[in-house]
Amino acid sequence: MDKAIDGTFAATLRSLEENLSSVIRGKGKSTRLLMTTLLAGGHALLEDVPGTGKTTLAKSLARSISGIFRRVQFTPDLLPADITGSSFYRPQDGSFEFREGPIFTNVLLADEINRTSPRTQSAMLEVMSENQVTVDGKRRDLPQPFFVVATQNPSEYHGTYPLPEAQLDRFMMRIAMGYPDHESEIKVLFSQQDHHPFNDLKPVVTCEQVIAMQTQVRGVRVDAAVADYIVRLVGCTREDARLRLGISPRGSLALYRTAQATALMEGRDFVVPEDVRALAVPVLAHRIVADTKAKYGGLRNEQIILDALEKTPVPR
Amino acid sequence: MSDGIKSNLNEQNRLPVALMLAALVSMWGIFITDGNRFLGLPLIALLLLGTWATTRRISPVDRWSRWGLRIAMLTGILGVIGVPKGDVHLWYMQPQFTNAIGILLSAELMLRAWIRPEPGKWRTSCGMILFLSAIIMTAASNTYDRQPMHTMIPVYMLLLALSLRAMVKVGQPAKRPAAWRRAMVGLLALRGGAMLLAMSLGFGVVFALTRYENRLTSWAMDFLRQDRAVKGSAIGLNSAPHLRRIFNPAPSMERVLLVQGTSTEQHLKVMAFDAYENREWGPNIGRRTFNAATAKQLNSGETGERWKILPLSEAFEMLAVPSQASAILASGALEVDGLGSVREREGAGSAYEVIAPRAEDLVPLEGWPDAAERKRALLVPESIDPKVIALAREVTGNGDAASRVNHIAQYLQSHHEYSLSYDPGTDEPLNDFLLNRRAAHCQYFASAVVVMARVAGVPARMVTGYYASEQFGDKQLVVRDRDAHAWAECFIDGKGWVTVDATPSSGRPDAVFGKASKVREWWEWFTDLPGRLRQWMEKVPRQAMLVLIAVIAAVMLVVLVIRIWRKRRRVKVVATGGYPRPSEELIAAGRRFERWLLRRNVACAENRTWREHVAGLLGQSPPVIDVKSLQFVEAYDRARFGGAAEMLPQIQTTLDQLEQSAAQPGSEQHG
C-alpha cells in the first residue's frame, strides 16, 4: 500500500518537474537525478562540457523553490570568508559584527567550483556535511533546506584545481548533463527566440514542502536484503585492487537515501534493488580513486562501478 | 555509568529480568512439590515450554535470555530430581544449590553488563558466557558439598557444547589478525575482571542466604503451609484472663481458624475458667489436670452435626471447640480437662473434626460435672458486694434455671452498654460494673453472667474463645485473631453447659470490627494457592502424573524437532533491520519462479534482477516470455521488499498461470 504517496506529494513533484522541463529540454534523466538529490537531502555536482545547461538547470531549480537563492562564482582569488562571511569591526561601539556570506541561503549555486583554490574549497567542507558554519569559534546554523548545486567543467585543466576526495565525497551525486537529442535541441533554439524561458519561471514549491518531502523520503522502507546489497556493493569497491580509495560509509548512506527518494518519486513506499542499481553510477562513481596504473590505463570510474554491479549478486 | 554499559542495559543486552523471574518461578516450583518431587516435573516442564515460547516475544534477537532461562529451568528440574535422600523440607535452602544459582545468576548479570557487542567484528556469544560460568560452578563445587554438582555439571557442559556453535563466526580476522588478537585478549581481560566481581557477588548472595537461613525458612514454611503465627498471643486465651481495662489490646487480622460446617453455633470455646479471685479467672493452664482423651471422647461413631476446623496458627496448642461438642477427631494425641478444654499434644496445626450431639444424645465432651465441680461452679466470689447479690436475686426472679439465666442475659443487655475500654479502678471491678451500670467489654459481661447465675443457684463458668462470623467461601467461616471473645456457660439440667453470651450485639467482634477488606480477601486467597495446589497435586494418582510427564515430554520433543527443521530451511539474512523475515511461502514462490525460468532456458543471472531480466526478454521481438512474468515480478517485489504479505495469493495465482501456460505449447502472450 503506497501510503506515503499522497496526492500532494505527487502533484508537487509533477509541477516541479514540469517547471524544470520548460527550461531544460531533453534532459529528463538529469532533471530527475537533481530532484532525487534534493529530496534525499544531499548536494549535487553537475559536471559536463560547457554550454550544456548546467548553470541554467541549477538556476531553474533554485527559482522553482520559493526560498533564498544565492550564486557564487568561484574564481581563483575567492577567499573562504567570501563564502562563509566574516566579522567586521564597528568603530562606533568598538564591537565586531558578523556579516553573513552567500552561504546563508536555501539554494547555493557554486559555479565553476573547481576554479578556486583548495583553501577556499575547504571552506565548503563543514558547510556541506554538517549544514553549519564555524566562524571565529562560533557555530552558526544554515537555513533549512540547504542545497548546494555545484558545476564544473571536466575537460579544462588550465587554471583549475581538482576537487579533493573529501569534498567530492560530500556531493551526493555527480550528474553528467550530456548533449540534448536532435529534436530537443531544435526546441531549445525555438524556445529562446524572443526571450529566455527562464525569465518566465515561477516558484512552485515552498521550503516547507521541500522539508516535508525530505521527511517523507526517510520513511520509505528499505528491506534488510536491499541494505545488505548496498553494503556489499560498496564493500566490493573497497576490495578492488585497482582502487586506491574505495567508497566510504558516507557513500553507502548516500546510495541508501537516494534509493529511498527514487522509490518515492516512482510512487512506491519501498525500495527495490533496481533503484540501487540505477543510482549506483551517479552516486558512487565520483567517490572512488583509481590507482595510477588503472587511471592512466584508461579505466574510468564508471566502469569500475559497473564491474562492481556485475560482481555483486542481487537479492531476491 | 559509561555509555557502553548504559547502551548494554537495553535492547540486545538488557538485564535478564526474564532469567531472574524464571529462576524464582523454578524455585517456587520446588516449594510446592516439597515431599513429592516427581510431581514438580510436569510443572517445571510446562514452565520451560512457556519460557521457551515467551522469551522469543520478550526479545527475538536476545539469545542470552533464552539460554539463561533454559539453564535456570533445567537446573530447577535437576534440582528437583537430584535432591539427596533424607528429610530436607526446603531443599532449595541447601548451600550447594543456592551457591550454584546465586553465583550463576550474578555472574550472568555482571557479564552481561560488561558486554560490548560489535556486530560484524567479534560476536560475543553465549558460549563464552557458559564456558566462564562453568568455571565458576566448578570453583563453587569445590567449596561446598559436591553431590549436586556432579549431576549438574555434565548437563551444563552439554549446553556449553551446543552453544559453542555460536562461537564459530567471530568476525573478520583475515584482514588484520594482529588487531583482532589484541582485541580478543582485551575482551577476555575485561571478562576476567567481571567474572571475579561476579564470583564475589555470588558468594555474597550465598553467605546472606545461609546466614539468614532460619528466618527465610520460617517465612517459607509460613507461606507454604498457610501458617500464620499470631503475634502476641491474643488476650491470653490459654492463660488466666485478668479483668482489665482493655480486652484485646492489639487485635490482629491474622487468620486463626477455618471452620467448615453448617452449624449455626458461632461460639468456639478455647478455655473455660471457674475460679475467680482478685480480678482473675483461673485455674491457669499450668494448674490444670489434663487427662488423655477417652475412647468415648474420640468416638467417631457419634452422629450429629460435624464441624471441620483447620487451625492456622501455632501460637498455642489448645483446640477451639463449640460448646456442645461431644467428640473430637484429630490426628494427634488429645487431652481434655474437667472444664471441657482440649489440648493436642503432638501434631498441632492439623485439621480436626468436632461432633455435636443431637439433643437426645446430649453428653458434654468432658462429661457431666461431679459434685466438686458443681460446687466450684456455684461459688460466689467473696469480693462480690452484697448489693450485687441482691441485684442478682432481684433480676433472676423465681423461674427455672433456664428462665433465670435468660433474665440475667436480658438484664445485662438492656441495662449495660458495650465499651472497648473500661477503667475498673482499684476495687472489685464487677461490683463497680454492676452497681453503677457501667459500660465495659465482653469479659465483664461474661463475668457478670457467671456471678449472677451462681447467685441464682445455676452453675456457671467463664469461657474465652472465638466468635466465628466471617464467611469465607462456601459454608466456611474464617476466624481471625481479632474475633477473640469472652462469654459464659451455664449448666442447665437436661441441656448441659449452655452458651450464654450477654454482651450486647454491638459488642460482638463482627459489629466492632466489620468485614475484612477486599484487598485482604484477595491477598489471603493468593497466599493460600501454594497449599491448595500442593494438596490437589498430592491427590493425583502417581500413574496419571507419569503419563502427563510423558505427554509433555513428547510434545516438547516434537516442538523442538519442528523448530530445528524450520530453522534449517529459512533463508539466512544477516541483519533484519527490525523488519520481519520473508515468509516460507514467499521464498518457495521465488524458487518456483526460478525453476520456471530454468525450464524455459532463460535462467536469470545472479547479478541481474528479475525485473531487468524479464524486461529484457519481453523487449525482444518476439518476446520469449509470458508478459504475466512481469506481473509476477512486480507483485513479488511488493511482497518481498515492501512487506506486503497480502500479495501472496496473487503471486501464487500468477505462478500457477505461468506454469500452466508453459505446459501448453504456443500459449505465450505477445506484448
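A residue counts as buried when its relative accessible area is under 20%, as exposed when that area is over 50%, and as partly exposed in between. In this predicted model, Cys207(A) has a relative accessibility of 9% and is therefore buried. Cys442(B), at 1% relative accessibility, falls below the cut-off of 20% and so is buried as well. A search of the whole structure, covering all chains, finds zero disulfides.

Burial also describes strand β1 of chain B, which spans residues 255-260: five of its six residues are buried, so the strand is largely enclosed by the rest of the structure.

| Partner of β1(B) | Residues | Sense | Bridges |
|---|---|---|---|
| β15(B) | residues 476-480 | antiparallel | five bridges |
| β6(B) | residues 305-311 | antiparallel | four bridges |

As for confidence, the predictor assigns the complex an ipTM of 0.83 and a pTM of 0.46. Chain B has a mean pLDDT of 69, with 56% of its residues reaching 70 or more. Over residues 1-24 of chain B the pLDDT stays under 50, and the model has 45 contacts beyond four places in sequence for this stretch. Residues 571-578 of chain B likewise have a pLDDT below 50, and beyond near neighbours in sequence this stretch has nine contacts in the model.

Conventions. Residues are numbered from 1 along each chain as its sequence is written. Chains are lettered from A and ligands numbered from 1 in the order in which they are written. This is a predicted model: local features need pLDDT of at least 70, side-chain atom pairs count only at pLDDT 80 or more; totals for chains, interfaces and linings use all residues. Side-chain values use heavy atoms; hydrogens and water are left out. pLDDT is the predictor's confidence in each residue, from 0 to 100. Contact means heavy atoms within 4.5 Å. Buried means under 20% relative accessible area, exposed over 50%, partly exposed in between (1.4 Å probe, protein chains only). Helices (H or I, at least four residues) and strands (E, at least two) are DSSP runs, numbered from the N terminus. Two strands pair if DSSP finds at least two bridges between them. A disulfide is a pair of cysteine sulfur atoms within 2.5 Å.
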